[in-house]
Structure formats: C-alpha cells, structure tokens
Amino acid sequence: MNENLNKNAQEILERYDRESQFRQRIGRWKWVVTFLGVYLTVFHLYTGYFGTLPSQKQGAVHLGTALGIIFLLYPAKKGMHRLQKNVPWYDVVLAFTAMYVTYHKIIFFDALLKSRVTGYSTIDIIISAIGILLVLEATRRTVGVPIVVVASITILYAIFGKHIPTTILSHPGFSVDRIAPNIWYQESGVFGTPIQISAKFIFLFLFFGVMLIHTKIGQFFNDLAFSLTGRFTGGTAKTAVVASALQGMVSGSSVGNTVASGSFTIPMMKKSGFKPEFAGAAEASASTGGQIMPPIMGAAAFIMMEYLGVPYSTIMLAAIIPATLYFTGIFIGTHFEAKKLGIFGMKKSQLPVFKDLMLRNGYMLLPIILMIGTILSGFTPQRAAMLGIGAVFVISFFQKGTRLSFRKIIHVLEQGARVALPVIAAVATAGIIAGVVSITGLGAKFAAGIIALSGGHLILALFFTMIACIVLGMGLPTTANYVVTATVAAPALINEFGLAPIAVHLFVFYFGIVADITPPVCLAAYAGAGIARANPFKTGVTAVKLSIAAFIVPYIFIYNPIFVLVDVTPLKLIIALMGAIVGMIAVSSAVIGHFYRNSLPWERMVLFAGGIMMIFPETISDLVGAALIIGIWFIQKQRKDVERGSANERASV
C-alpha cells in the first residue's frame, strides 16, 4: 500500500514539477554526479564556516558546478528522464563546457578585471556568449520554458531596442560584443545579487532543509499537527494546514510540499468526508503558504534582504503577521467547510498525545529554535544556517533510525546539491533579466508605464502590479519572479507613491507565490488534484477561495504598514491584529458560505464587507465591520432557533 502511494506521489511530482524530471539512470556518470554534488555542498559548508571567496569567485564555483550536474542529470527533452539509460555524449560535452566557461572567471580573474577598462578580447566575448546560452538551456531543463522566453526577450530588447517604435520603450541598443560580456562578467548580470545571495545563504538553508528531512522531522511535524488539531471539527483538514505550514517553511517548494504532505493528508481528508477538490485545495493552499512562513520562508526572502539592505531578522519579523493572517484564513475556511458538511474531529485514541510526543521527539525542534535565536541575536543568516546544520547533525544520532552512516552522509551531501540546482539556474537567469533592466533603464520605463496606466492612482498601480506578478508567476519560479518584479515594478511603487519599501517588496513577493494556486496555471493545486483524483480547475478555484487572505492582506499592509511592523506601537499592533483576525474569520466564512449556519447570498456579501472593514485598522471601519458581523450572527442564530422550534413542534405532533 505505502509503496503504491509513494509511486503515485512520485509520478504526480514528475508531472507537475519540472525540477523532479531528472534522469533515473546515468550509468558510470553516477559517480561523477555524486562527486560534484558532494564537492559543491562541502564547498559551501567550508566557505560558510571559514568565510566566502570574493563574490565573483564564489558565484563561479556555485554556478559552474551546478551547471555541470544539471547537464548530466536533466535530459534535453521532457519525458526522456525515464527512458534514457545513460548520459548522451552531447550532454557530457555541455556539462564540462559549462563548467569551463564559468570557472574561466576564476582562472583569469585578474585579467578579466583589467579587461573592464581595456576591453574584452574576442575569446572573452565568445566565452561569455556561450556561458549565457548554457545558463538559459540549463534553466529550461530544470525550471521550464517561460522564464527562458522572458530572459531571451530582454536580451533581444537590449540588442534591438532602437527599432522599437514606442518612444517609452525604445533605447539606443547595444551590440552583442557589449551586451554578452556585460551580462556575464559584470556584477549586474548573471553573477549579480541573486546568484551571490544564492551562493552565500540560500544553498545553506536548502541544505538545512535536506538535513531536517533526513532526521524524519516531517513525520514529527505531522504528528505534532495531529496532536494539536486532530480532535477539533474538521480535524484532518486542520492538521493538513498546520503540518504543511511547518513543512513548507523547510522545503520552500509549493509543488514538492503539496505532494510530500498531501500523499498522507489528502486521503485522510477525503475519508473523513471532505470533497476531493477541497482536500486537494486545502493542502495546496497551506503548502504554498510555507514560502511566506518565518523563520526560513522562501529563497527570495534572502534576496529581499540584500535589495532592502536590512538584516534578515527584519524580513522575518515583518512577515509574521501577514503569514499569521494567511494561515488564519485557510484554517478558518477548513473549519467552516467542516461545519457545513458536519465533519467532526478524530477520536482521541487515534491521535498522538502531545505531552508524550514532545518528551519523545521534542528535541527535533532545537535546530529551528537555535536558528531563530541566532538570527534575532543579530548574527548573519549564514551563521544561523551553519549552526542549524550542525545542530541537526548532532541530533541525528539521538535515534537509531536517523543516525547518519558514512554512506548516508555522502547521500545527504549529494542531495543538498541536487535540491539547489533549479534554484541556482533560476536565479542565474533572473540575473540576466535584472542585468538587462539595469543596462537599458527598462525599470524606469516600466515605472513610467505603470504610472501612466494607473493615472497616478495607487490602487490601480497596485492592481496592475499584482496582475504582472501573478502572470509572471505562472511561468517563473518564485525567486526569479521576485527578482524581476522587485527590479522592475517595486521601484515605481516606492519612488512614485512614497510607500514603505519592505511593504512593497513583500507585496510583490506574495503575489509571485500565489500564482502556484491561481488558475489557469496553478501547479500546486494541480498536484493536489492529482493526489485527490479531483478536477484540477475546480481544485484551483477552491484553493483561491481558501487563500483569499493572500489576495487581501498585501493591500492592507501597503495602506497601513503597521502589519509589517513599520511605525508600530505595541497597543496599536495588538488592536490591529485582533481586528484583522476577526475580519479574516468573517471573510473566510463568507467565501465558504457558512457562519453560525449556512449563509444566504446577501449574508455572505455583508460578512465579506464587514470582514474587510475589520481588517483595515481604523476605528470607524472596525466598529462598522463588527456591527455587520454581529448582526449576521444574530440573524442566523434567530433563524436557526426558529427552525429548531418548528422541528420540535412537528416532532411533538
């Protein structure tokens, strides 16, 4: 049974997650991949402890080794990963060519620095052009076509911009001799901020997640969630939300987390009485939210830290309240759906005992607690990740089932590199896009376009930015989407409207993430539907309903940045948070269609309006919103009492 379940989960993961479509059999090249993977992870552990190399050298090792592994693992054509029995000769050539053109930056580091002044040689230009093409091809294989199309269009724009008739977008244009070395050798292109942050921080945190998985902390999260929520109304769905939130902040992958957690939680939700579409949507919504859940969040959060020039602790703390509201909305939504369907909690005998669970396995939380404490104490994310990895390594020896033998250590080190491959390729390509934006001034042109299109109205500018983020998110991974929107759209909102920078960056971050559950291209929802054997589009629509907070909260913290801890006082924050939580309860009940009892259409509209008013932290709107919500509660209670009285009269007759 478990074997069939795992096989089904793997098939679904490969269908909807491009990152999982790597070759299963690579013959003698397996040893090369293992060596390169172990080398890449050990390199990052070494530099994480002793200090990183100059950013260009650090990035060259990071990207070059990853490109070599990608061409050995990922086939050129989709669907060939299970058919090929070895690595084709042309992929071997591409692998070692990619490693050479990238390591070329290290070998000739000093000469290339001088070339910035004296000019690049023909060989340097050829190498840079080959490097860019190989990065795009590696990204296509690991992430997909859309991001490569976007990057290719930006390169063509840089070359042929002078031929664009629209004066807003046109620019003088650059020759290939100039654009290729600029993107490849300068700090504003492939080896810009995204790849530098990936090399310094993101790789270590991804490896930390791999270590946690191999200590069976995922099962511990599931057991912990069951012990906390399983006995309440709709306990299986609430457990899925809590467990997925905990696992999502470790995995950082919406689709991967949906499949990993959903293989266990979705069948249980269906068995307890939830519809297949709802079960798949609940898992997808919670899994997607893992990327906004502190302390780890998604990889883009570390790039945000660099863009804003603030400590990671500032990003982490600012994200707490929005994440709380997001998961409150999903949690309450599952509660009202369960009430509507009459689904009760699980029996106490079926659930793990919280006290026993914590006494037996509570130590598994120590690495995460240590990491949070380190970050809040003012140390770098790099130091926090290293301490967390060390703590996981130590606690792995506490139980026989999690002890790391030498063979297991080698496997974990290799997996650490494999998990990072799609992220490395994506941020490298995102660097190409960001580099072109910087060279051509496209960001300022895009900002002018947003202002012109919105007519200077903030709400319209936010709406257009949201649409851009969601559309880009349908084809770009979260990290790349954030890099693009933070480079192009965020400056317009900050400079033209004077908004708080951290609120704007979280705004584009949020809407890049929710693309995973927004139809028509909602990969996390499709993965959940595959496990639930449900209609994919209906699952996506249901996921949007459950995740309604993700579409509301970003607007709220833009208009009132108290929710991201800007200009905050304790009293104001407590009042605003209480009102927002009550508001999310009302909004979720309106979306689901059940409050005290099943709601009529007009009651749902009133509840939704009242909830929105409560979420906005203004005294008058809070009072009006509270009055509307309480009014609907009394109306529904009275209607239910009348129906109960009528039923009793009929029974007595």
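Residues are numbered from 1 along each chain as its sequence is written, and side-chain values rest on heavy atoms, with hydrogens and water left out. Because the model is predicted, local features were required to have pLDDT of at least 70 and side-chain atom pairs pLDDT 80 or more, whereas totals for chains, interfaces and linings use all residues.

The structure holds 28 aromatic pairs, a pair being defined by rings of Phe, Tyr and Trp (its six-membered ring) whose centres lie within 6.5 Å, with planes under 30 degrees apart counted as stacked, over 60 as edge-to-face and the rest as tilted. Trp29 and Phe96 form a tilted pair, with 6.3 Å from centre to centre and 55° between the planes. This pair links distant parts of the chain, since Trp29 belongs to helix α2 (residues 29–50) and Phe96 to helix α4 (residues 89–107), 67 residues apart; helices here are DSSP runs (H or I, at least four residues), numbered from the N terminus. Trp29 is buried at a relative accessible area of 15%, while Phe96, at 42%, counts as partly exposed, where buried means under 20% relative accessible area, exposed over 50% and partly exposed in between (1.4 Å probe, protein chains only). A stacked pair is formed by Phe302 and Tyr312, at 4.6 Å centre to centre and 10° between the planes. Phe302 lies in helix α14 (residues 300–308) and Tyr312 in helix α15 (residues 312–318), so this contact ties together parts that are 10 residues apart in sequence. Phe302 is buried, with a relative accessible area of 2%, and Tyr312 is likewise buried at 2%.

Salt bridges, taken as a side-chain nitrogen of Lys or Arg within 4 Å of a carboxyl oxygen of Asp or Glu, number 8 in the whole structure. In one of them, Asp91 is joined to Arg23, the closest N and O atoms being 2.3 Å apart. Asp91 lies in helix α4 and Arg23 in the loop between α1 (2–16) and α2, so the bridge ties together parts that are 68 residues apart in sequence; both Asp91 and Arg23 are buried. Arg141 forms a salt bridge with Glu137 at 2.8 Å between the closest N and O atoms, and these two residues, 4 apart in helix α6 (residues 122–142), are separated by about one helical turn. Arg23, Asp91, Glu137, Arg140 and Arg141 are linked in a network of salt bridges.

A further bridge connects Arg418 and Glu414 (3.1 Å, N to O), both of which lie in helix α20 (residues 406–440), 4 residues apart. The charged end of Arg418 also sits over the ring of Phe22, 5.4 Å from its centre, the criterion being NZ of Lys or CZ of Arg within 6 Å of the ring centre and within 35 degrees of the ring normal. Lys105 lies over the face of Phe191, at 4.5 Å from the ring centre.

Helix α12 (residues 254–272) contains a kink of about 60° centred on Gly262, the bend at a residue being the angle between axes fitted to the seven residues ending there and the seven starting there. Buried residues in α12 include Ser261, Gly262 and Ser263. Just after α12, Gly273 takes a positive phi of about 125°.
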